Amino acid sequence: MVTMNQPNSNEESALPELPDILPVLPLKEVVVFPFIIMPLSVGTDRSVVAIDHALAGNRMVMLVTQRDSETDEPTLEQLHSVGTVALIMRMLKLPDGRIRILVQGLQRARIANLSQMEPFLQARIEPFPTPPPTESNLEIEARLRDLKEQLEKALHLGKGVSPEVMVVAANLDDPGRLADLAASNLDLRPHEAQDILETIDPAKRLQAVNEYLHREVELLNMQHEISSQARDEIDRNQREYFLRQQLRAIQNELGDGDEFMAEVAEYRQRAEDIGLTDEAAEELEKQLKRLEKSHPESAENGVIRNYLDWLTGLPWSRVSKDRLDLDQARTVLDEDHYGLDEIKQRIIEFLAVRKLKADSKGPILCFVGPPGVGKTSLGRSIARALDRQFIRLSLGGVRDEAEIRGHRRTYVGAMPGRILQGLHRAGTNNPVFMLDEIDKIGADYRGDPSSALLEVLDPEQNSTFRDHYLGLSYDLSRVIFITTANLLDPIQPAFRDRMEIIRLSGYSEEEKVHIARRHLIPKQLSEHGLQTRHLSFSQPAIRKIIRGYTREAGLRNLEREIATLCRKVAVKVATGKTKPVKLRASRVETFLGNEKHFQEALLNRHRVGIATGLAWTAAGGDLMIIEAVAVPGKGRLLLTGQLGEVMKESGQTAMSYARSYAHLHGLGETFFRQHDIHIHAPAGSIPKDGPSAGITIATAIVSVLTGQAIDRSLAMTGEITLRGEILPIGGLKEKILAARVAGIETLVIPHPNKRDLRELPASLTRGMTLHFPKEMEEVLRLALLQVSKKKPRHAASAR
C-alpha cells in the first residue's frame, strides 16, 4: 500500500552495480518509478521471505506490479515484465506480522525469467541501459516548460503536491527524470502508470506524462467550476426564497394567484377525479384552508400536505370491473390448483350472485389448514379469476392496533393503517385482500389488533371503517377479504364468527401425484433451466418421494425434493452429460439418499394385546400401534409413549370399560387386583394426543384379558365412553389415506362418521371393508379372533 510519494535529491549519484538475479516483490495497484522514494506495506509470507533475503545481501529487490491485484501468489504470466530495481532503505516489523519498508527506485529492468518460485520469487533481470543525456532542442525544452507550468496550475487548483516536489521539479532539466517525478505525483491508474514505466525513450515519456497532466488540470478546473456553481446555486436559492416571499405578499395585497393557488387547485381537481364522499370533500376544504394560512416552512405545513396526499390518493370510487364469465373463472381456478372443489364452487357462487346483483357485498373467507396446502396462492388465483388486484398483508407477530387502524395525526411520522395502505397500492377499492396468519396475531399494552379487525371483517360495519389517521369513514364492503390460519383455536370467538370457515385438510397421495405432474415438476424444470428431455419422472418415483421423503399435508417439502433432483440433473447437463434421466422408483435413493420417513407398517401376524389405530397429524394421517401387557401388580394403569392429557384420559376410560366388561362376562374378579396393565404407543420420542384412540386402547386391554388375538388387517379409530358407546372423530379423510397406504383391508369407524363418507371421493375407500359400530361390543366382535381355550393372560403381550 502506498502512503506517500516523494522524490529523492536532484543531485544524481552514480547507480550501484546491479546483480543478474534479484528477489521479486509483487506489488498490487502500485508502480514505483526510478529515483522515487516510497513506503510499502508487505503482508504475504513469500514477500516477507524475499525482503529478509534482500536485507541479508545487497538490499536490492525487483519491484513488479501484478496484472491481477486479487492474486496473492502470482505466477510469471500474472506479473508485468517491466519493473524497477529498488534499494531497501529502511524496514519496520509490525505486531500483526506485516512489514513496512522504505524503498528507492534505482533503474528500470525487465524480468528475463523466474529462476525460483519457492520460498520466494527470484528472477534473472535485464536492466535497461540509462539513456545518454538528451541534447537540448526546442521541442523538448518547450515540453519541459509546459510540464512545469501545468504542475504549478495543478498546485493552485488544489492538487496535493508537496512544496519539496515543486522545488525539485523546478531544478530538473532531464526529461526522463522530470517525467518520472510528475507521474509519481499524479493520480494515474495502475495500467497508465505501467505504460509510463515501460516507455523507455525519455522524450516520449515526457510527452505521455504531459498529456496526463493536462487531463488532470482540466479535471481540477471542472471540479472548481462545479463547486463554484453549487455555492452560487445555494446563494441564488436563498435570494429567490426572499424574493418569492415578497412577491407573495404583493400578490396577496393585489389579490392575484400564484403557484400555491395552482397547487390548491390541483388538490381539488384530484379530489373531483377520484369521487370523494361528501364527508371527505368537506374535510378536504377544511385542510386546504389550513394550508393557505400556514407558513410554507412550518412543520404543520408538511403534515397537512402529507394528509392531503393520502386523502386524494385513495381509490374512493375507483372500481375494477369483475370478470363475470363463470366458465372462464373456473378455467383459471383449475389451471392454478388441482382439486379444492369446495372453494372453487364458493367463488363461482359469489360470481353468480355478483352477476345477478351488481352491488352485492364481498365475502369474508377464512382458509384454515396446515402449512403448504396453498392457502396464499389460492387467494392469488381468486384475484386472477375475478380480474381484480391482489393485496397480501401478513399479520404474524403484529401487536400494535395502529398497524390496522393507523396512527393519529398528532404523532410524528403518523401514517394510515396497513388496510388503507394496501388499498392505496391496489389503486381500486375492490381488490382481493388477503390477511395472512391471523392465528398468530399478538396483543400487548399497545392494543389488540384482533379487536381492531372486527370492524374490518364485519360486513355490517366495514362500509363505515374509520382509520385513525384519515379520520373519515371509508367503505370496505366491496373488498373480498380472505384470511388464512393454521389453527382455529387461537382465533377469538367473536373474530371467528365474522368469517366463513373453509378447511383445507391437505392433499391425498393421489392429489399430490397429480399436482406434482401438472404444477410442481414443470415449475422446477423451468426454474432450473431444464426441459422434459433432460429429466422425466415416473409415477412410482413420485409416489416414493411422497411416501419416503415427505411427511406433510401440503406440498412444500415435496417441491423441495423435486428441486433437489433438478439441481443434481442440472449439474450433469451443465458438465456436458446430455443423456436424459428417466427417474424410476429404484433410482430415487441414488439422487436423494436414504428415505427420511417411515410409516407404521402392517403387523406381520395376529397378536394378543396389539391393536392398530389411526391417528391424525399436521402432516396427514398415520397408523398408531397400541400395545398392552399384563404384569404382576396391584391393578394400576401405566401409560407410556409421550401420550397427551386427552389420550391419558382415553386410557383411563378404556381401563374402566375393560373392568366392567370383565365383570359382565365373568372373566375373573381377581385379575385386575393382581396385575398392572401397561399401555404403550411405540415411537416414544413423538408426542401423541387426541380424542380418537379410546376404542383401540380398550380393544388391546380386552385382548390381554381374554387371550384372544386381534385381527392384524383391521384398523380402528374412535373415542369410547364408560358405557361403551363410540363417539365420532375428525380427520377421517387423512386416516383412511393412511390405512390405504399401509395395506389395511378393514376399517372400524364410528357410526356418526358414516355421513362424512359422502364428502369423500369414492376411490378413497374402493376395495376396503368399512364397519360403523355404535357400541364397543361390536368392535370387539369384529377385532378379536376366536382361539382355542388356553390360559392367555400372562403370556399375551409380547409383540
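How many bridges join strand 9 to strand 10, and in which direction do the two run? I found five bridges between strand 9 and strand 10 (residues 432-436), and the two run parallel; helices (H or I, at least four residues) and strands (E, at least two) are DSSP runs numbered from the N terminus, and two strands pair if DSSP finds at least two bridges between them.

I noted that this is a predicted model, in which local features need pLDDT of at least 70, side-chain atom pairs count only at pLDDT 80 or more, and totals for chains, interfaces and linings use all residues. Residues are numbered from 1 along each chain as its sequence is written, and side-chain values use heavy atoms, with hydrogens and water left out.

I then looked up the sheet, which is open, has five strands in the order 9-10-13-8-14, and shows parallel pairing. Strand 9 (390-394) and strand 14 (500-503) each have a single partner strand, so one side of each is left without a neighbour in the sheet. Within the pairing of the strands, I saw Ser394 opposite Asp436 in strand 10.

Next I turned to helix 23 (residues 694-706), whose 13 residues reach 18 Å from first C-alpha to last, close to the 18 Å expected at 1.5 Å a residue, that is, 1.5 Å times one less than the number of residues. Of its 13 residues, 13 are buried (under 20% relative accessible area, with a 1.4 Å probe and protein chains only). Just after helix 23, Gly707 takes a positive phi of about 80°.

Last, I checked cysteines: Cys366 counts as buried at 0% relative accessibility, as does Cys566 at 0%, and I found zero disulfides (pairs of cysteine sulfur atoms within 2.5 Å).

Methods: Buried means under 20% relative accessible area, exposed over 50%, partly exposed in between (1.4 Å probe, protein chains only).
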